[in-house]
Amino acid sequence: QSQPHRAEAVVSTQSTGDIVGFGDNDRGVSFTFGTNEVSKFLKRNNLSLIVRAHQVVEDGYQFFCKRKMVTLFSAPNYCGEFDNAAATLTVSKDLVCSFHIYKPKPVAIVPPSDGKKKK
């Protein structure tokens, strides 16, 4: 199996503390990677944080790898199937990060119709 391009792998897949190096992803379209790969990528590129997206996280954002990487998700109530919040990230001129959270809207439960019209 070929090694993933490092930048692409760090940006496009989920990190987990159980993995050292790179591993296969259950979805078969990307790779998983360990905290050690995040640290190596940041050091090699003189960065302090990786911001990634396109994965549902309950609170709209979630830190990984000792706050060296954060996942943002910007679609609350994703596909009407999840009760997740969404978030956006603002980075100040001083590189201070702040999040704006968009809470999920309550989902209305509609009882099934019995087919009778109300008078």
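Me: How many helices and strands does the secondary structure of the chain come to?
Reply: This is a predicted model. Its chain has 2 helices and 7 strands.

Me: In what order do the elements of the chain run from the N terminus on?
Reply: The order is α-β-β-α-β-β-β-β-β.

Me: How do the strands of a sheet pair?
Reply: Pairing goes through backbone hydrogen bonds, and it may be parallel or antiparallel. In this structure, an open sheet is built from 3 strands, in the order β3-β5-β4, with mixed pairing.

Me: Which strands stand at the edges of that sheet, and why is one side of each left without a neighbour?
Reply: The edge strands are β3 (50–53) and β4 (61–64). Each has a single partner strand, so one of its sides has no neighbour in the sheet. On average, neighbouring strands of this sheet are turned by 25° against each other, direction ignored.

Me: In which sense do β4 and β5 pair, and over how many bridges?
Reply: β4 pairs with β5 (residues 69–72) in the antiparallel sense, over 4 bridges. As a point to find in the view, Val70 in β5 has Phe63 opposite.

Me: What share of the residues in the chain is buried?
Reply: Of the 119 residues, 29% are buried. The chain exposes about 8900 Å², and 53% of that area is supplied by carbon and sulfur atoms.

Me: What part of the contacts joins residues 24 or more positions apart?
Reply: Among contacts in the chain with a separation of 6 or more, such residues account for 30%.

Terms used. Residues are numbered from 1 along each chain as its sequence is written. This is a predicted model: local features need pLDDT of at least 70, side-chain atom pairs count only at pLDDT 80 or more; totals for chains, interfaces and linings use all residues. Side-chain values use heavy atoms; hydrogens and water are left out. Buried means under 20% relative accessible area, exposed over 50%, partly exposed in between (1.4 Å probe, protein chains only). Contact means heavy atoms within 4.5 Å. Accessible areas come from the Shrake-Rupley method with a 1.4 Å probe; for residues, only the protein chains shown count as cover. Two strands pair if DSSP finds at least two bridges between them. Axes are lines fitted to C-alpha atoms, for helices over the stretch in contact, and angles run from 0 to 180 degrees between N-to-C directions.
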